[in-house]
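My notes follow in the order I looked things up.

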Amino acid sequence: MSHSEINQLEKITGNSPEAKSLDITQQNIEQLKQLFPDVFSENKIDFEALKAVLGEAVDDSEERYNFTWNGKTKARQIAQTPSTGTLRPCKQESVNWDTTENLFIEGDNLEVLKLLQKSYHKKVKMIYIDPPYNTGRDFVYKDNFHDNIKNYLDVTGQLDISGKKISTNLETSGRFHSDWLNMFYPRLKLARNLLKDDGVVFISIDDNELSSLLKISHEIFGEDNFIGIISRSTGTRMGTGSKGLARELDYIVAYSKSSEFGLYKLAMTNDEASIYNEKDDKGRYLLRSLRRTGGENRREDRPTMFYPVTSPDNEDVYPLAPEGWESRWVCGKDTYEQLLANNEIEWKKVKKAGVEKWQVYQKHYISDAGREVSDLWIKEDGNKKATKEVNSLFDGFKIFDHPKPVQLIRKLIQLGTKPSEGDIVLDFFAGSATTGQAVLEQNIEDEGNRKFILVQLREPIKQTVATKKFNFKFISELSFDRIKRAINNLSTKINDNIDSGVKLFKLDETNIRPWDANFENLELVLQQATKSIKDGRSSEDVLYEIFLKYGYDLTTPVKTETVNGKTVYIVGAGALIVCLDDEITGETVEGIAKLKEELDPETTQVVFKDAGFADSNVKTNAIQILKQAGIDDVKSI
């Protein structure tokens with residue numbers, strides 16, 4: 001590499017990783033290289049070599065069990081195709097923009113999930129979604145493999161000329177179930193990437209697609225991670241039609257990201273807590289016999305749980321039932337040793353038949369306790385209550401069909417998150433935004449600091465007296481307004497520790513001309529070659545696109561400094577510094593270098609506008625000035 005190339009400022013092009021969302025296919029290839037470098041030949045995968053490495057784990061027989069449908073291959077490709085779009089910030093419409101970590105995103109959830117891949121990979125603790133049930137009346141539009149952003153803007157009426165129709169998925173279609181699967185499969189596949197290793201997902205569904213949902217969820221999450229199906233009484237009796245069976249149930253399907261984790265227990269009632277009547281420096285606890293009781297739990301059933309433990313008198317004690325036969329302990333020897341080391345074993349002398357004997361117990365702390373939840377929910381608030389909840393926020397007008405009850409989602413939040421660990425709850429079929437209100441209310445209830453991310457399509461809303469009164473044309477407008485009304489309604493219960501705001505973002509095509517995948521008007525592109533940022537786009541629009549493409553989450557703190565008369569954005573205490581002004585001089589670059597030295601972050605990335613430098617000499621010198629300050633990652637857009 002020549003000296004001039006070393007001093008050349010790297011420009012991010014449309015093919016650069018920083019110009020698009022995470023390339024999942026490339027990421028999978030890199031992970032495979034780490035595991036099996038010997039199966040690559042000339043940077044291509046040798047499948048015969050891979051099969052040899054995997055041995056008997058490979059099943060390539062034609063009669064193996066699998067689930068497929070018309071369009072599955074394309075659905076998988078769509079999930080793995082990076083997005084070149086962006087999310088544009090809407091500060092004026094947001095609530096408490098500078099402090100909130102709650103997000104509402106208007107846009108096609110397929111593209112939004114792609115755009116969140118870098119910033120929120122393995123950061124989401126819980127997903128709840130209420131996708132279309134595929135009843136034949138659901139809003140659908142076909143994803144476009146080549147340019148889904150343009151397709152989204154087109155079908156939602158945000159482009160001047162719309163050649164596509166918004167329609168319903170009619171049951172008369174020969175691809176009725178396939179259409180639903182092709183819509184849902186790539187979205188669920190992308191969503192899994194965002195879950196933490198101990199994360200969980202809850203999906204509401206009814207009979208129409210329950211079996212299909214289970215099959216694709218088994219494939220995406222793995223059968224070992226299936227938690228179960230909650231059957232919920234809706235409180236609304238649906239007509240029988242010609243089948244003769246009225247429906248009063250829908251379902252919530254639950255999966256974990258890893259089989260090592262499941263659901264948390266619900267908080268106990270006061271009566272349940274009253275039995276924790278012992279106390280030590282760890283808190284209240286109750287004692288349970290270390291010997292397995294109830295039924296004939298014999299040694300031969302679990303021989304690893306039959307072993308001697310040492311009493312305070314230094315005697316070996318075995319798990320013997322009162323009748324004299326050999327029973328077993330509740331745990332293996334390694335677990336017992338761990339309990340003993342943690343001071344969670346207690347010995348007591350118990351008199352039986354006039355003879356005192358040592359009895360060994362395990363401590364069970366109230367802090368670890370709770371109620372395991374049943375899979376039959378018949379006492380939860382029904383759909384009628386949910387409708388009233390939404391109506392009450394909109395002056396009693398019926399504003400939305402079939403919302404989910406707040407209490408239902410709150411119960412799921414208790415099962416899937418901890419109050420004080422900053423857990424993120426994601427709902428990418430936000431609908432009436434019940435999930436957002438549920439997070440707010442649950443945080444108030446248990447002083448939690450959970451955050452929510454809601455995504456809702458700019459889907460046309462049915463025009464009624466109510467929707468016209470509030471001037472709603474799209475469901476996303478209603479969703480966001482419901483969140484703001486809920487915040488206002490709960491204001492008297494919200495203290496300074498509760499996040500009571502929401503940032504609004506809207507999906508759009510990239511702000512950067514060279515990153516745009518479609519150059520339909522070559523003459524216009526050439527005319528505007530020196531202008532990298534599109535007309536009508538602000539510096540903050542560009543800043544948040546850099547966030548997404550560089551992998552910073554959308555709530556990362558931003559400070560604005562003026563350096564030599566130019567606006568400089570300082571992100572994450574100096575981890576990223578962005579200047580998008582024009583006529584940047586050497587003094588501005590030196591000021592940025594000084595900022596880095598003052599902030600002293602571990603590493604710093606700097607981004608400029610490619611045409612923003614006063615002249616080519618400043619652009620060339622910028623690299624050397626910043627390198628002397630310890631900044632090696634300098635790019636232009």
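**Entry 1. Starting point**

I am working from a predicted model, not an experimental one. I kept that in mind throughout.

**Entry 2. Salt bridges**

I began with the charged pairs. Side chains of opposite charge can pair when their charged atoms come close. The count for this model is 36 salt bridges. I looked at a few of them.

K72 makes a salt bridge with E219, and the closest N and O atoms are 2.7 Å apart. K72 sits in helix 4 (residues 72-80) and E219 in helix 8 (residues 210-221), so this pair ties together parts that are 147 residues apart in sequence. I then checked burial at both ends. K72 is buried, at 9% relative accessible area. E219 is partly exposed, at 34%.

Next I took K333. K333 pairs with E337, with 3.5 Å between the closest N and O atoms. Both residues belong to helix 10 (residues 333-341) and are 4 residues apart, about one turn of the helix. An α-helix has 3.6 residues a turn, so residues three or four places apart point the same way. K333 is partly exposed at 38% relative accessibility. E337 is partly exposed too, at 37%.

Then I looked at D582. Its salt-bridge partner is K609, and the closest N and O atoms are 2.7 Å apart. D582 lies in the loop between strand 24 (576-579) and helix 18 (586-599), and K609 in the loop between strand 25 (605-608) and helix 19 (616-628), so the pair ties together parts that are 27 residues apart in sequence. D582 is partly exposed, at 42%. K609 counts as buried, at 14%.

I also noted a network. R88, D508, R537 and D541 are linked by salt bridges.

**Entry 3. Helix 17**

D541 took me to helix 17, where it is one of the buried residues. Helix 17 covers residues 539-550. Its 12 residues should span 16 Å, and its end C-alpha atoms are 16 Å apart, which agrees.

How many residues of helix 17 are buried? I found 10 of the 12, so the helix is largely enclosed by the rest of the structure. Just after the helix, G551 has a positive phi of about 95 degrees.

**Entry 4. Helix 19**

I moved on to helix 19, which has 13 residues. Helix 19 reaches 19 Å from its first C-alpha to its last, close to the expected 18 Å. Where is the kink in helix 19 centred? It is centred on A622, with a bend of about 25 degrees. A622 is also buried, along with V618, I623, I625 and L626.

I checked both ends. At the N-terminal end, D615 caps the helix: a side-chain oxygen lies 3.0 Å from the backbone nitrogen of N617. After the helix comes G630, whose phi is positive, near 85 degrees.

Strands of a sheet pair through backbone hydrogen bonds, either parallel or antiparallel. I followed the strand 22 end. Strand 22 and strand 23 pair antiparallel over 6 bridges. In this pairing, K559 has I570 as its bridge partner in strand 23. The two strands form a hairpin with 2 residues between them. N564 in that turn has a positive phi of about 55 degrees.

Strand 23 (residues 566-571) also runs antiparallel to strand 24, joined by 3 bridges. There, Y569 stands opposite V578 of strand 24.

Last, I looked up two backbone angles. N343 has a positive phi near 60 degrees. N343 lies in the loop between helix 10 and strand 16 (345-352), and is partly exposed at 41%.

E447 has a positive phi near 55 degrees. E447 sits in the loop between helix 13 (434-446) and strand 20 (451-456). Is E447 buried or exposed? E447 is exposed, with a relative accessible area of 64%.

Terms used: Residues are numbered from 1 along each chain as its sequence is written. This is a predicted model: local features need pLDDT of at least 70, side-chain atom pairs count only at pLDDT 80 or more; totals for chains, interfaces and linings use all residues. Side-chain values use heavy atoms; hydrogens and water are left out. A salt bridge is a side-chain nitrogen of Lys or Arg within 4 Å of a carboxyl oxygen of Asp or Glu. Buried means under 20% relative accessible area, exposed over 50%, partly exposed in between (1.4 Å probe, protein chains only). The expected span of a helix is 1.5 Å times one less than its number of residues. The bend at a residue is the angle between axes fitted to the seven residues ending there and the seven starting there. A polar contact is a pair of N or O atoms within 3.5 Å; within protein, one must be able to donate a hydrogen and the other to accept it, and residues adjacent in sequence count only if both atoms are side-chain atoms. Two strands pair if DSSP finds at least two bridges between them.
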